[in-house]
Amino acid sequence: MTSPTPVPTPRPTSVKAVRNGPLQLKGTFRLLDPDGEEYDLEGQRIVLLCRCGHSANQPFCDSSHKRTGWSSEDRPPVCENADDGAA
């Protein structure tokens with residue numbers, strides 16, 4: 001009798017705000033569009049989401065922030081009511 005194939009452990013999810021750049025998502029997550037449809041991210045280890053609003057490939061980053069000179073705060077403000085489910 002053979003041993004069952006071990007199930008890979010999901011990687012923890014992390015979201016990093018890159019200084020003057022996108023949000024970097026790593027780990028195990030689902031990304032949904034406004035209609036609740038899931039983006040096909042099969043095989044993607046890292047996903048970069050646009051923060052500047054200029055990407056032609058929304059919601060993904062296409063480096064438009066570099067061309068437009070967009071910049072971000074070094075430290076984001078503390079989110080109040082972060083668990084209220086508002087988006």
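Visitor: Why is Asp62 called partly exposed?

Guide: Happy to start there! Buried means under 20% relative accessible area, exposed means over 50%, and partly exposed is in between, using a 1.4 Å probe and protein chains only. Asp62 has a relative accessible area of 26%, so the residue is partly exposed. Before we go on, this is a predicted model, where local features need pLDDT of at least 70, side-chain atom pairs count only at pLDDT 80 or more, and totals for chains, interfaces and linings use all residues. Residues are numbered from 1 along each chain as its sequence is written, and side-chain values use heavy atoms, with hydrogens and water left out.

Visitor: What makes Asp62 and Arg67 a salt bridge?

Guide: A salt bridge is a side-chain nitrogen of Lys or Arg within 4 Å of a carboxyl oxygen of Asp or Glu. For Asp62 and Arg67, the closest N and O atoms are 3.8 Å apart, so the pair meets the 4 Å cut-off. Arg67 itself has a relative accessible area of 62%, which means that this residue is exposed.

Visitor: How many salt bridges does the structure hold?

Guide: There are two. Glu38 also forms one with Arg30, with 3.1 Å between the closest N and O atoms. Glu38 is at 46% relative accessibility, so this residue counts as partly exposed, while Arg30 is exposed because its relative accessible area is 58%.

Visitor: Is Cys50 buried or exposed?

Guide: Cys50 counts as buried, because its relative accessibility is 16%.

Visitor: What is the phi of Ser63?

Guide: Phi of Ser63 is near 70°, a positive value in a residue other than glycine. Ser63 is partly exposed, because its relative accessible area is 29%.
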